Amino acid sequence: MFFASYYVVVRMMAMCLLCVCPMMGMAQGSGETSGVDAQTKDIISYVQHVMGFNRTIPQEKVYMHFDNTGYFEGETIWFKAYVTRTDNGHPTDLSKVLYVELLNPSGDVIKTQKYYINEQGQAHGDMKVDSLFGSGFYEVRAYTRYMTNWGVNAVFSRVFPVFDKPVEEGNYTDLSLDTRLYKERNPNNRDQQDSLYMKAVKEGLYSDNTMKTVSVQFYPEGGDMVQGKKCHVAMLAVTDDGRPYHGQGFVVNKQGDVLASVETDTLGRGDFTVIPDASELTMKMMNAQGREQIYTLPAARREGCALTLDVVNDDVLATLQSSSGVCGELIGYVLMNNGNIYHCDTLVAAPLMELELNREQMKEGVNQMTVFNSDGQVLADRLFFIFPKLSEEDSITFKAETAWLKPCGKVTLDVQTLPNATFSFSAMDAGTMPNEKQGNLKTWMLLSSEVRGYIDHVDYYFESDDKEHRKAADMLMLTQGWRRYNWNEMAGLTPREKMQPVEDKFYVFGKLNEYRKRNPVNGVDMQLILYNQQGQSLTGNTKTDKDGNYVFGLPFLDGEWKMFFYTTIKDKKKTFRVGVDRQISPTPRYISPVEASLQMPTGANMFVHKEDEPVPDGEEFIPITQKNFVLENVTVKAKRRYFTNDDFKFKNENYARRWASVYYDIDRELDNIRDRGEVEPTIFEFLAKKNMMFNNPECIDLPLVSGDTATWSEWYGHMAYGNQPIQWIVDNGETMNAGAITSESGAAGDSFFPQWMDEIKSVYIAPYDPDQDSRDVAKGALGEDPSSVADDRSNYVKIYLYLHHRFTTESNKGLRRTYFQGFNEISTFEMEDYSVIPPMADFRRTIFWAPDVKADEQGKAKIEFFNNSTCEEMYISAEGMTPTGQMVVKD
C-alpha cells in the first residue's frame, strides 16, 4: 500500500478515492472551522473536480496500424484505426467520424478522408500515394473532431518515407528520396514551437554574426527550481539541424564557481543537481567546433516546493522540499493515469518530506504526480513511466502450415490470441522494406500518445524493466513540457474555451456574418439542400440564434455531396457570409531530422522465411522473373497517339505538374475562406498571405486592407517569388510578365487575366532551379511528339493558373454554394488467386493486408494468402483489441 514517512511530525488525512466523499461529509458536518479543515475542503473539492472532469469530458486516443513501413509513388497506404476512451480504456462510444490526413514535407494537407468508427471503436481504409510533388517524408494524421480540443499533440501522427517510383518495375533497390526537411523547402507551414533551435532564436541566442551550433532546453524536475533547495534539473541539447548533441557542460554562478557538471547521452539528454539562490546560474558547454557556449538556467522561485521522484530503484521515493512560505500549509498530491486519479493524500508542508510509494499498485504506462495547495495552484508536477507487466495472453502468435515459400505459392497461418479479439494483419516482402517498423498499438497507447513529439526507438522502453531502461524512460519523462491532462483545466482553474463537439453523427454548423450592416444575423431563416450524383437529395430548415449561430443534423452519408445554403428574412432572400465550422485540421507539427531519417529494418518479425538447411528437390526458390514463359501471339491494335489538339493542351494540368513543387486547390482554399466568414481576396492577396516566399522588393509590407484592389494592385504590380521575377501562365497559353499580358510566343495580347479566386480552380508554382535548366521537358506530358518539345525554362518563377471556364453562382442573392464530404469509399486489398491462374510476375511489396481478422471464442483464426513472385522472407505485423479494450500485438 502507499504510505508516507516524514522528518517532522505531520497530520495525515487519507484521501483514497473510496473515502473522498465520506471525508467531505465529515468535514461538512463538523462544527470545526479551523484553517486546516477549510483547506481540506478546498483540496477535496479540487480532487473531485478533476475526477468529475475526466468522467464528463473524457479524451479519446487513436492509433493507426499500417500495412508497410514506407511507400513508393503510386502505391496505396492501407491502414486500420483503433479509437479508445482514455477514462476507461474501452473502445470509444463517443465519436463516430474519423479524419485521416496526408501532409507533405512542408506541412500542407494534400488529402483528407473520413471513415466511420464502428461499435468496436475501429475503422479502416486506404489512401493512394499519387499526385505528389516530389518524394520525401510525408506525414499521416488521424483524429476525431473531439480530439482537436487538446491540440496537435493529442492526435495520432506517423511519418513515412515516400520514394520516387522505380524506373524499372519491381526494382526497389535504387531508393530515390528527397531528404530535405520542411525548413529547407519553400514554403514552410510547420509549427516550429517545439524546435529548440527556434526557441533559441526567439530568446536572442543567435545572431547573423555569431551563429551558435547547440541549443539547450532546461527542465527542472517538478517544473521550477526553488531557492535554497536541492533541485534536480534535466536538459536536452540539440544541434542547429535538430539532431541530439553529445557533450559536456558545467553549471556556474556569477562568481565563476562550478556548481555541477553534466554529460549528455547519445539522445542529447542529461541531468544534474544544484542548489540555486537568487542570482543567475549559467551553463557552459563546448560545441562540436570547440567554441564555448553559455546558456542561462531558469530563475529559481523564492517560494515553492521542489519535487524529486525516484522511479529507477524498486522502492519508489518522492522527496518534497518546501520553502518557508509554504511550510505549515496543508497541501495535497495526486497520482493520475489517463486522467484518472488512482491515489491522493494530504500532508502539512515541511522543509523536507519523503513519500514511499508502492510500485506494484501504480498503473502501467505514463503516470502523473501533481502537488498542489488549497487554492488549487500547482506546486510541483512531473510525469513518470511504469513498465507494463508482461503477459503471453496479450500476444498474437502464428504457426505456419507452409513449410517453404514459393513464388506465387499459398501461405497458411494458424493464429492464437485472446478470445473474440479483432486484429489487423500485414505480410510484407522483407526484401523490399525501405524502413524499420517502430512501435505498435501498445507502445502508442501506453507511452507515445502521452508525450510530445517523436520517440526514437520507442520499443526500447518496453524491452526490460531493469534500471538501465527505467533510467532512460525517466529521462524521456523529465524532458517533456507538454501535458495531455492539464491540472488547471481539469480542476476548473482555467476556463475551457469553446469546444468542438463529439461527432456522433454528421453536423453542419457555423455562423452567419454580416454582408451588409442593415441585415441582422439573428432570426434568419436558413434552408440547407444537399444532392449527389446518384440523384439523392436532403433538405433541412433552421433559424439562427441571436448571435447568428445555426446547426443542421445529418444522417451518415457516403461520398461527395453538393451543398447549398439559402438565407431569407420574412421570405425575402438576403445575402450573408455563411461561415461553416469545419476548419478543424490541427497545425502541422514540428518534425525532427531523427524522425525524418531512414533506419534499416531488423529481422525481429521475420516469421516465414527460407530455411538455411538443404532445400529438398523441387523446392528451390526461383523467382518468376527468372523463369521463361512463352506468351501466345499478341496483335497490337493501336499505336501511341500524340495529342496535338489545342483544347487538350488548354485543359491539361500535367503541363504544370512537370515542374511544380507547390500546388493550391483554389476551390478548396476559397471554401475555407468562406467557412471563416472572411472577405474574399484576389488571387494575388491570397498567395501573398499563404506563401511567405511571395514578396515585393520595392514594398516590404503587405497592404493592411483586405480586398482593397487599388492598394493591392500597386503591391502585386512588382510581385516576386523569393526575389525572383514571376511569369504568370494562364491555362498553359497566355502569360503575364511585369504587368503585361503576352502569349508564350511573345506576341502582345489583351486577353482577360483572372484576379478573383472564384475564377480559378488551381495554381501551380514552379520555382526557378538552375540545376534543372538542362533537363528535358516532360516528354509527352501533353501528348505531343517528344522530339518536338523544347526546354523553355528560364530564370522566371513560373506560376500556372487554371480557370473554371464557367459562370459562378456566387452572385446569386441569398445563396452560398459549397460541398459536403461524406465517408470515403473503402477499398478491398486485392491479389491474384494463383490456385486458378498460372504464376506471373508479381511485385507486391505488401503481400497481404487484412484489416478485420476476428478470433473465435477460443482465440483462434486462420489466414491464407498467396506470395508474390520474388519474396523469400516475410515480415509479419499484427495488432488488435478485444471488445473490452485489451490490446493484443505480435511480439
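This passage walks through the fold of one protein chain, from its overall make-up down to single residues.

The model is a predicted one, so local features need pLDDT of at least 70 and side-chain atom pairs count only at pLDDT 80 or more, while totals for chains, interfaces and linings use all residues. Residues are numbered from 1 along each chain as its sequence is written, and side-chain values use heavy atoms, with hydrogens and water left out.

Start with the big picture. The protein has 11 helices and 48 strands; here helices (H or I, at least four residues) and strands (E, at least two) are DSSP runs, numbered from the N terminus. Buried residues make up 52% of the 891 residues, where buried means under 20% relative accessible area, exposed means over 50%, and partly exposed is in between (1.4 Å probe, protein chains only). A contact means heavy atoms within 4.5 Å. Of the contacts with a separation of 6 or more, 72% come from residues 24 or more positions apart.

Next come the sheets. Strands of a sheet pair through backbone hydrogen bonds, either parallel or antiparallel. Two strands count as paired if DSSP finds at least two bridges between them. Two bridges hold β4 to β10 (residues 156–163) in the parallel sense, and Phe72 stands opposite Phe163 in β10. Elsewhere, β13 (residues 248–252) and β14 (residues 258–263) run antiparallel and are joined by five bridges. Val252 stands opposite Val258 in β14. These two strands form a hairpin with five residues between them, and Gly256 in the turn has a positive phi of about 90 degrees.

What about the inside? In soluble globular proteins, nonpolar side chains tend to be buried together. A nonpolar core is a set of buried Ala, Val, Leu, Ile, Met, Phe, Trp, Tyr and Cys residues joined through side-chain atoms within 4.5 Å. The largest one here has 70 residues, and Leu447, Val508 and Phe565 touch the most other members. Leaving out residues up to four places away in sequence, Val508 touches a list of residues including Leu528, Tyr550, Phe565 and Phe820.

Phe820 brings the story to the aromatic rings. A search of the whole structure finds 35 aromatic pairs. Rings of Phe, Tyr and Trp (its six-membered ring) pair if their centres lie within 6.5 Å; planes under 30 degrees apart count as stacked, over 60 as edge-to-face and the rest as tilted. Phe506 and Phe820 have ring centres 5.2 Å apart and planes at 80 degrees, so this pair is edge-to-face. The pair links distant parts of the chain, with Phe506 in β28 (residues 506–513) and Phe820 in β44 (residues 815–821), 314 residues apart. Both Phe506 and Phe820 are buried. Phe848 and Phe865, on the other hand, form a stacked pair, at 5.1 Å centre to centre and 5 degrees between the planes. Phe848 sits in β45 (residues 846–854) and Phe865 in β46 (residues 860–866), 17 residues apart; Phe848 and Phe865 are buried too. One aromatic cluster is made up of Tyr63, Phe66, Tyr71, Phe156, Phe160 and Trp444.

A charge sits over a ring if NZ of Lys or CZ of Arg is within 6 Å of the ring centre and within 35 degrees of the ring normal. The charged end of Arg582 sits over the ring of Tyr819, 5.2 Å from its centre. Arg657 lies over the face of Tyr663, at 5.9 Å from the ring centre.

Finally, a few loop residues deserve a look. Asn532 is in the loop between β29 (525–531) and β30 (537–543), and counts as buried because its relative accessibility is 7%. Its side chain makes a polar contact of 2.8 Å with that of Gln536; such a contact is a pair of N or O atoms within 3.5 Å where, within protein, one must be able to donate a hydrogen and the other to accept it, and residues adjacent in sequence count only if both atoms are side-chain atoms. Asn532 also touches Glu560 and Trp561, not counting residues up to four places away in sequence. His457, in the loop between α4 (441–446) and α5 (467–478), has a positive phi near 50 degrees and is partly exposed at 36% relative accessibility. Asp571, in the loop between β32 (560–569) and β33 (572–573), has a positive phi near 65 degrees and is exposed at 75% relative accessibility.
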